[in-house]
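Q: I would like a close look at a single part of this model, taken slowly and with its surroundings in view.
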Amino acid sequence: MSGGRPPRLPRPRRRLPAPRHRQNGAPRTVFRLTGSKPKATGEPKPTGRLKLTRKLKPTGRLKLTRRLRTVKPRKLRTRTRMALALATLLALVCTLLLDGYLHSEVGNDARVYRSRASHTVPDRLRKGGPVITFDRRGRATEHAIPSKTIALTFDDGPDPRWTPKILEVLRRHKVRGTFFVLGQMVIRHPELVRRMRAAGHEIGVHTFSHVDLSYQDKGRMDRELAQSQLALAGAASLTSSLFRAPYASEVRALDDRTWPVQQHIGSKGYISAFVDTDSEDWQRPPVKEIVQNATPEGGKGASVLFHDAGGDRARTVQALSLYIERMRQKGYSFTTITGALGARSANHPARTLPVWEGRALIWAAAVSHRALPFLMGLLGLVGFSVIGRLLLMVVLAWWHRRSRERHRWSRVQEVTDPVTVIVPAYNEKECIAGTLRSLSASTHPIEVLVVDDGSTDGTADIAEALGLPNVRVLRQANAGKPAALNRGIAHARHELIVMMDGDTVFEPTTIRELVRPFADSRVGAVAGNAKVGNRGKLIGAWQHIEYVMGFNLDRRMYDLLRCMPTIPGAIGAFRRRALLEAGGMSADTLAEDTDITIALHRAGWRVVYQEHARAWTEAPGSLGQLWKQRYRWSYGTMQALWKHRRSLVDRGPSGRFGRVGMPLVVLFQILTPLCAPLIDLFTLYGVIFLDPVRSLLAWAALLLVQLLGAAYAFRLDRENYRALAVLPLQQIAYRQLMYLVLLHACVTAATGALLPWQKLKRTGEVDAPRAPEAVR
């Protein structure tokens, strides 16, 4: 290359669309920043607009212009996207809790009080009628049902199966009854309450969740009443002053513990309704026995108890029709509780605000009711996907290893061609010296190009001051990593090019191992094995497990299926000719490594994995830095997949990634991780509200599968198994963080936001090559 200026790298991605005869010419998206250069005197000032040019056809372009704002609004937009991501998670949690509350899973208290002494209960009440009212002074009055009068009452509904049948029996016999409904059932089936009201029946409150109030404090009692009233207001625009306590029977059963409950309820203005006669249909006796149990003695009037929910009520429905006919033959009439007392109805129109609040609650419950089966099905699919993916990776990784051993991959292939190593650097003063020293120890002939992308910390000066042989430093104004890589490609002297990050160090044999696959002329790129060098802290240990599993299971699987999605920026090798055919490194996305890898696939080149080529990289050391890195990776991957979406319809070898790789990436790297927290969420829900033992056993079984898969990956890479001790905590904490990152990226992609390149803070901890740890 001496004696002349290095050739410029062509930029076909910024030219007009490719001719029609070029295959696989996917539409390209170009981000162009205008206004970055000063204009001539007299021209308007730069507007700082970001133009998105999408080439649709050779005949025209669609231009979308979006004004860049100041730093403060951009941060505000980032917070907004994070808020949307967290709101999505919160909505999922609220859906589970609401559905659980409506099904007595959340906040349920199954204790039932047994009668005791009754020293504080007035005798006249215990011997009086089944209805008790309280005046403003708290003085109680008992009321009896007139003789030859039956007040039919039904508890625990409404039920979508049995309540309509009971309503039909009452309609056929022209009888009105009183339904003591549960608030949670009203919310789930509001149409039945409207049907009751339209038919002229009376509706009473039976608490919200059928909890025994004897064990509850006054706050819980008030909530049970208020939520029931809200449900009635939303369902039928009414409120009720009629109340029956769960597990209540005759007034003579009142004792020193249940009496204070009735006093508190009475102080709220409620009428307490007990029973004179219990049909005992809840025990499901024969029909004749139900009729007999419900028949009062000696022509007395009675408040009779039936149930329209809580189990199989087929016999209740049969007995009810027979009971009405028999009691009418005996001269009895039927009415409601307040009708029997000659009082006004206990049902009153609800105010506007409670009506809309109740409707909102009912709508939320409807959404929850419809969403939960979907979430349960999704949970099953996610569990199957997680386990299936892991088993698939383990099997294919084993097959990959056996194939390599069978063909003696590392022995028969030897490439001696010199290599150009490109190190793009931006403010890498902490790491650049260690990186270059590791390269100087390489056993393969190389030249090193350090492309300083406008560093302000003296990175280029440090690189030059080292005085290492075969190291050249190229300086340029800050233009981004893709531009730095493209300049390095343009100045490269050799056909084989290795790209690495400025915070990465190589082992002496890394490059020699990395270029072995180029013995096959069909190979256009090679992915190396990146390893975490700063694994001493917990965050580093989590990433260490992730890297080992990713490079020794995922990459082996993709390699065997010939659809490698990404050449890691930390260690990757390319043919110069392949890079030029693919258009060089593009700034269209934030994941230029994924972008170029897919472009190489579509250009017909093979991309392979070389597990013996190891690089040691510095992983983010804080949660904030980790969030930034994974956010960029996730969003950049989505950009790259969208950019190359036409690969789904590409034909021939160039379309293999679209047919095989893209579905796998979308399923395993986006959809499954996005839904994986459902496993932990349902586990936590089960531990708190359902069966903790079974929930924890299911979660532990899944963790065991993950542990076995990770152990096999560590075995393949000859890593120390002790690092797996933090795997359970990784599954609990780290996975949730990655979920939030991915959800944040999805929200960003859905809103069409644009992100700048994000530089991570480095410490220079990984300053020398390391040998892999032996398996113990």
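In what kind of interaction do the side chains of D155 and R244 meet?

A: In this predicted model, the side chains of D155 and R244 meet in a salt bridge, with an N to O distance of 3.0 Å. The pair links distant parts of the chain, since D155 sits in strand β6 (residues 149–157) while R244 belongs to the loop between β10 (242–243) and α7 (258–267), 89 residues apart. Both partners, D155 and R244, are buried.

R220 and E224 meet through their side chains in a salt bridge of 2.9 Å, N to O, but here both residues lie in helix α6 (residues 218–236), four residues apart, or about one turn of the helix. R220 counts as buried because its relative accessible area of 13% falls under 20%, and E224 is buried as well, at 1% relative accessibility.

R516 forms a salt bridge with E414, whose closest N and O atoms are 2.9 Å apart. R516 lies in the loop between α16 (510–514) and β21 (523–532) and E414 in the loop between α12 (409–412) and β16 (419–425), so this pair ties together parts that are 102 residues apart in sequence. R516 is buried, with a relative accessible area of 5%, whereas E414 is partly exposed at 44%. Salt bridges with shared partners join E414, R512, E513 and R516 into one network.

Key:
Residues numbered from 1 in each chain as written. Predicted model: local features only at pLDDT ≥ 70, side-chain atom pairs only at ≥ 80, totals over all residues. Heavy atoms only, no water. Salt bridge = Lys/Arg side-chain N within 4 Å of Asp/Glu carboxyl O. Helix = DSSP H or I, 4+ residues; strand = E, 2+ residues; numbered from the N terminus. Buried < 20%, exposed > 50% of the residue type's maximum accessible area, 1.4 Å probe, protein only.
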